[in-house]
Amino acid sequence: MPFQVEAWQAFLNGSNGMVNAPTGSGKTFSLLIPAMLESLLKFKEANGEKGLQLIWITPIRALSKEIELAANRAVQGLGLNWQVKVRTGDTTTKEREQIRKRPPELLITTPESLHLMLASKNYAKLFKNLSAIVCDEWHELVGSKRGVLMELALSRLKTVVPALKIWGISATIGNMHQAAEILLGNDIEKPWEFIKANINKQIAVESIYPKELEVLPWAGHMGVKLLESVIPILQKSESTLIFTNTRNQTEIWYQKLLEVYPDLAGGLAMHHGSMSKEIRNWVEDALHQGQLKVVVCTSSLDLGVDFRPVETIIQVGSPKGAARFLQRAGRSGHRPGAKSKIYFLPTHSLELVESAALQQAAKSNTVEKRTPFIRSFDVLIQYLVTLAVSDGFKPDEILPEIQSTFSFNSINQFEWNWVLNFITSGGESLHAYDEFHKVIVDQDGLYRVESRRVAQRHRLSIGTIVSDPSLSVNMVSGKRIGTIEESFIASLNEGDTFWMAGQPWEYVRIKGMVVQVRKSKKKSGRTPSWGGGRMPLSTELAEILRQKLHEHAISTDKELQFLRPLFERQKEESIIPNKNQFLLEYYHSEEGYHLLVYPFEGRNVHEGMGALLAYRLGMIEPRSYSIAMNDYGFELLSDLPIPIEIALDSDIFSVIDLHNDIMASINATEMARRRFRDIASISGMVFKGYPGNHIKDKHIQSSSQLFFDVFSDHEPDNLLLIQAFDEVMTFQLEEQRLRNALERIAKQEVVLKYPSKPTPLAFPIMVDRLRERVTTEKLEDRIAKMQLEFD
C-alpha cells in the first residue's frame with residue numbers, strides 16, 4: 001500500500017510521526033517492517049545479543065496477541081534473528097523475570113507495564129539500545145489518564161535515548177493533529193510526519209426493524225425481542241460478531257441465543273473483560289482459526305484479533321459515538337479493499353434515528369474528538385514515586401521533561417514544589433503521618449524511596465485503570481472462570497445460581513477474595529451486572545441526530561420513514577422541533593407537574609442542564625424537583641406547579657454566571673467526592689491491598705472520603721482536591737458542551753407545549769425515572785399499564 005511505503009521511508013529517515021489508517025488496511029506492518037529493516041541495516045555485521053530494539057504499546061490485551069502473531073510472521077519472512085515477547089497484566093512473574101534478564105528485540109506491552117519497567121533499578125540499561133517506540137491505537141489512549149501515563153513515560157525515554165523515534169498508529173478522530181502533538185510532546189525539534197492512508201473504507205449499514213412500531217417507546221426492552229430477526233442473519237453468515245455495550249448484555253444475549261437457536265451450541269462463544277485470560281485466549285484463537293460461528297462481545301474486541309474469517313457485525317443498541325460504531329463495523333471485511341457489513345439492532349424505537357445518524361456520519365467521515373486529560377496531578381504523583389522507587393530523580397532534571405508534555409506544559413514552580421512536598425511529607429494536611437513520607441531526599445538532592453514496603457506497594461498500584469473491586473470466580477476445584485464485582489456477590493445467598501461465561505454456576509462460598517462455585521443444573525439464575533457501559537451521546541452524533549429529526553418529514557432514510565407513525569403521534573400532542581426551535585413540554589398527572597426539555601445533547605449535558613434549570617426555577621419560586629434524563633432530553637417533576645412561563649421571561653437558559661450557577665445547582669461536593677476516590681487511588685493515598693488480599697471496598701471508600709473532607713476543611717488549595725472538581729465539570733457535566741448548547745438555544749425560538757399526556761419523546765425519559773425505583777418484573781408491568789393509559 002502507498003501509505004506503508006511512505007511510512008517506511010519516513011521511519012528509516014529518522015522521523016517521528018503518526019500513521020492514520022482504517023482497520024484492516026495493514027497499518028501494523030507500516031511500522032513493524034521499517035523497524036525490522038533498520039535493525040538489519042544497523043546490525044548487518046554484528047552478531048549476538050542486540051537488546052531491546054522496539055517497544056510496541058497496545059491499549060488492550062487482545063491486540064497484543066495479534067501484534068505478536070503479525071510480528072512473528074514478519075520476523076520469519078525477513079529471516080531476522082529477533083525475539084518477540086509480550087508483557088501485560090496477564091504475564092506471569094516468571095515470564096517477566098525472563099524478559100528483564102534477557103530482553104527481546106521487540107517487546108509488546110501496555111502503558112502500565114512500561115511504567116513498571118521504569119520502576120526497576122537500572123532501567124536505563126534496559127532501554128539503551130532502543131530505537132523506536134510505537135503507540136498503537138493511540139486514539140484509544142489519548143482521551144484517558146493512560147494517555148497521560150504514556151506522555152510521562154515518553155518524556156523520560158526521550159532523555160534516556162536521545163535518538164529515540166516515536167510513532168503512533170491511530171484511527172481517524174476529530175482532533176487528529178492534536179492527538180499527534182500530545183504523543184510527541186512539545187520538545188520535538190525536527191518536523192514530524194503525518195501519514196494518512198487514502199483508503200475509503202466501504203461500510204454497509206442495515207437496520208433491523210421490529211414487526212410492530214411502539215409509538216410509546218422505552219429503552220432496553222426491544223433488543224432481545226428482535227432475536228428472531230437476528231437468527232436468519234446468523235444462518236446466512238459464516239461468522240458473526242454481536243457487539244453489546246455492557247458485559248451484562250453480553251451474558252444475556254449469549255443465554256437467549258442458545259435458548260432460541262440451540263444449533264449454535266459449540267459454535268457460539270462470548271468475550272468480555274471479566275472473563276478469565278484462558279477463556280478469552282481460547283475465543284480469540286478460535287476466531288482466528290474460523291472455528292466459531294457467533295461471538296457475543298463488548299468493547300474487549302473493538303481492537304485487535306485478526307478477524308479475517310468474520311463476515312458480519314451486529315451492533316445491539318446505539319454505541320453513542322460514530323468512531324466506536326465505525327471501529328466495530330471495521331471488524332468485518334478486515335483486509336484491504338474488503339467491504340464491511342454491520343447491522344444495527346435498536347433497543348427501543350427512537351434508536352432508529354441514531355442508526356440513520358450513524359449512517360450519515362459514516363458517509364461524511366464524521367468522527368468524535370477525544371478530550372485529553374490535562375494537569376492530572378494524581379498521575380504525576382504516581383509517576384514521580386515510580387522514578388523514586390527505581391534509581392531516584394533530581395527535580396531540576398525531571399521538571400523540564402514533564403513540562404515538555406501536553407498534559408503538564410502549564411505546570412508552574414509553585415505547583416511543582418507542592419507535588420514534591422506531597423510525595424516527601426504528605427503535604428500540608430498529612431505531614432504528621434509517616435506513611436505519607438514515601439520519598440526521601442538524600443544529601444545529593446536525589447529523591448528516592450528507601451522503604452521496601454513502600455516500593456512494593458507502589459509497584460502493585462501502578463496504573464490509572466480504577467474500577468469497582470472485583471472478586472475472582474473459581475470452581476471449587478480451582479479452575480478460574482473470571483471476575484465479578486463485590487456488590488453483586490453481596491446480594492447472593494449460598495446455593496443461589498447465577499450465569500457467567502455462558503454457564504450456570506451455584507454460589508458455594510466466598511473465601512478471601514475468591515468466590516467459589518460449582519456447575520449448576522438449574523437453567524434459570526441471575527446475570528451479573530458490572531459497572532460502566534452507560535455512554536452519553538457524543539457531540540458530533542448529537543448534532544447529526546438533531547438534523548435528522550429536523551428533516552424527518554422529507555427524509556428518505558428508511559429508519560425515519562418507519563418511525564412516521566411515532567412522529568405523527570408526537571405531533572398530535574406537541575411538535576418535533578425544526579432547526580430554529582427548542583421544545584419544552586409541560587403537563588400535569590397524578591404524579592405531579594412534569595416539565596420535559598429536549599436539547600438532544602446527551603445524558604451528561606442533560607444532567608447538568610436539568611440541575612441548572614431546577615436551581616434557577618427555585619430562585620423564582622422554591623420547589624423540590626426530581627430529575628430524570630436520557631440522551632434526548634430531561635424531565636423535572638414537582639408536586640407543585642412549575643413557574644416555567646415566568647422563567648422563560650427571565651431568560652432561564654442564559655450563559656451568564658453559568659459556572660457559579662452550576663456549582664450552586666448540583667451537589668458538586670458529593671460528585672467531586674465520588675471522583676476523588678479514583679484520584680486517591682491513583683496518587684497512592686489509598687492502597688487497595690496485596691494480590692489475594694484486597695482491602696474491602698467500603699474501607700477504601702471511607703478512607704478516600706476522609707482525605708477529601710480533611711482537604712476540604714483544612715487545605716482547600718490542595719491540587720488533588722481542585723482536580724476532582726475540575727474533572728466533574730469537564731468530563732461528567734461537560735461544562736463547555738453545556739455552554740455551547742445554551743448558546744445554541746439562545747438563538748432558537750423556545751416552544752412551550754401543553755400536552756394532555758406523555759408524548760413519544762417524553763415516555764422513555766419517564767421510564768428511566770421509574771427504572772431506578774422498581775425491579776425489572778414490576779417495571780414491565782408498570783410500563784404496560786402506562787402504555788394502555790396513555791395510548
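## About the model

The model is predicted, so keep in mind that local features need pLDDT of at least 70 and side-chain atom pairs count only at pLDDT 80 or more, while totals for chains, interfaces and linings use all residues. Residues are numbered from 1 along each chain as its sequence is written, and side-chain values use heavy atoms, with hydrogens and water left out.

Helices (H or I, at least four residues) and strands (E, at least two) are DSSP runs, numbered from the N terminus.

Let's start with the open sheet of seven strands, which has the order 3-4-2-5-6-1-7 and parallel pairing. Two strands pair if DSSP finds at least two bridges between them. Strand 3 (84-87) and strand 7 are the edge strands; each has a single partner strand, so one side of each lacks a neighbour in the sheet. From one strand to the next, the twist averages 15°; axes here are lines fitted to C-alpha atoms, for helices over the stretch in contact, and angles run from 0 to 180 degrees between N-to-C directions.

Within this sheet, strand 5 and strand 6 are joined in the parallel sense over four bridges, and V134 stands opposite W167 in strand 6. Helix 1 (residues 2-12) packs on the sheet, where it touches strand 1, strand 5, strand 6 and strand 7, and its direction makes about 165° with that of strand 7. Contact means heavy atoms within 4.5 Å. Helix 8 lies across strand 2 (54-57), strand 5 and strand 6, and runs at about 170° to strand 5.

## Helix 9 and its cover

Helix 9 (residues 176-184) has several buried residues: M176, A179, A180, I182, L183 and L184. Buried means under 20% relative accessible area, exposed over 50%, and partly exposed in between (1.4 Å probe, protein chains only). Their cover includes strand 1 (17-20), strand 5 (132-135), helix 7 (138-142), helix 8 (145-160), strand 6 (165-170) and strand 7 (193-196). Just after helix 9 comes G185, with a positive phi of about 80°.

Another open sheet has five strands in the order 17-16-20-19-18, and its pairing is mixed. At its edges stand strand 17 (480-485) and strand 18 (497-500), each with a single partner strand, so one side of each is left without a neighbour in the sheet. Neighbouring strands in this sheet are turned by 45° against each other on average, direction ignored.

Strand 16 (residues 470-475) and strand 17 pair in the antiparallel sense over five bridges, and V473 has G482 in strand 17 as its bridge partner. These two strands form a hairpin with four residues between them, and G478 in the turn has a positive phi of about 115°. Strand 17 is largely enclosed by the rest of the structure, because five of its six residues are buried.

## Buried residues and cysteines

Q382 sits in helix 16 (residues 377-389) and is buried, at a relative accessible area of 3%. Leaving aside residues up to four places away in sequence, Q382 touches L149, H458, S461, I462, G463 and I682.

If you are wondering about cysteines, C135 is buried with a relative accessible area of 0%, and C297 is also buried, at 0% relative accessibility. A search of the whole structure finds zero disulfides, where a disulfide is a pair of cysteine sulfur atoms within 2.5 Å.
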